Amino acid sequence: MGENEMSVFGVSEAEEEIYRHFLRNPGTPTDDLHLLLHSEPQVARACVARLQELGLLHPEGADRRIFPTDPEVSLARLVDLRLHALHQELQHVTRSRHIIDGLRAEQGARTPPPQGIEQLEGLAQIRNRIDDLAFFARDEILSVEPYTKLSPENIARSRPLDLRCLRRGVRIRNVVARAALQDPPTAAYLRELAAHGASIRVTSDTAERLLVYDRRAALVPLDPRNTARGALLAHRSGLVSNIIALFEKIWDQAEDLARAGGQDDAPADTGLSGIELRVLMSMCTAGKDESGARELGVSVRTYRRHVADLMQTLGAASRAQAALRARERGWI
């Protein structure tokens, strides 16, 4: 047998050999499969049963002959199952943080949390620290971001981290400028986050820019008008409490995104639905259909149907041409 390429998905070498056999010989009897594996008949039957459970094989017809599921569909399903298992494992790990506190108590001396204020210089250092803080956030992320639009690059960079946090159960409360809703890709992205559980409000009269992670670390720019000048990162200090109080004041005065713009409606000048705008953004930033469908929470088949509809709407013969025409119309 060759290398067990499907082991990363939890498929054993014997199971992979049987799946490959049916790809080459669909509908063949299963009586002699144990000879292929050089094993006992019950081992081969167990492999077939598990492959059916995974959706890689399925019986057809009155005689219940076994046929393979299309490899692309099979691999997409295995990826989803594996990601779900990893997600569950990650949740278990992040929720076990209390073990550290218990071990420190046994040691008799707890290490104090970081105190004071740290200055960050340059956009690269700020972005890297934001990525770290978001990656390790466990409970809540608060933010006020007065941007008027997000570039496709900014959305592509932010989407994986934001959706990952929401999938892990991290609560996100975000206040944005009302003007951001006038930019179709930005508005579509905000509604996408809201559809995945983020709480988003809009405001017309704030220039504040702040981020708070787990109510323990707060990030504010040195100059709100020029974030490239650097930022201050506060840990567990009175400053963090004051920044949270400022956030709550802005939050209370802001309007819910659904009331501000209509959560399921796209801006009138595009003629697209909210899901179509999200698919349009995804097909221009996600690498594969499986990744785009997973990020939007739809099946690959549904995702591809929306892509085909968008290409027809734009009169495009290819996805690249569709993306170009969408940009020319100002949709992304």
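In strand β7 (residues 210-213), Leu210 and Val212 point one way and Leu211 and Tyr213 the other way, and all are buried. Strands here are DSSP runs of E with at least two residues, helices are runs of H or I with at least four, and both are numbered from the N terminus. Buried stands for under 20% relative accessible area, exposed for over 50%, and partly exposed for values in between (1.4 Å probe, protein chains only). In a regular strand, side chains alternate between the two faces of the sheet. The model is predicted, so local features need pLDDT of at least 70 and side-chain atom pairs count only at pLDDT 80 or more, while totals for chains, interfaces and linings use all residues. Residues are numbered from 1 along each chain as its sequence is written, and side-chain values use heavy atoms, with hydrogens and water left out.

Strand β7 is joined to strand β4 (residues 140-145) by four bridges, and the two run antiparallel; strands pair if DSSP finds at least two bridges between them. Within this pairing, Leu142 stands opposite Val212. Three bridges join β7 to strand β8 (residues 217-221), again in an antiparallel arrangement, with Tyr213 opposite Ala217. A hairpin with three residues between the strands is formed by β7 and β8, and Asp214 in the turn has a positive phi of about 55°.

Two aromatic pairs were counted. Rings of Phe, Tyr and Trp (its six-membered ring) pair if their centres lie within 6.5 Å; planes under 30 degrees apart are stacked, over 60 edge-to-face, and the rest tilted. The ring centres of Phe135 and Phe136 are 5.1 Å apart and the planes are at 75°, so this pair is edge-to-face. Phe135 is partly exposed at 38% relative accessibility, and Phe136 is exposed at 58%. Phe247 and Trp251 form a stacked pair, 5.8 Å centre to centre with 25° between the planes. These two residues lie four apart in helix α9 (residues 238-253), which means that about one helical turn separates them. Both Phe247 and Trp251 are buried.

An arginine lies over one ring of each pair: Arg164 over the face of Phe135, at 3.8 Å from the ring centre, and Arg173 over the face of Trp251, at 5.1 Å. The criterion places NZ of Lys or CZ of Arg within 6 Å of the ring centre and within 35 degrees of the ring normal.

Overall, the chain contains 14 helices and ten strands, and 40% of its 332 residues count as buried.
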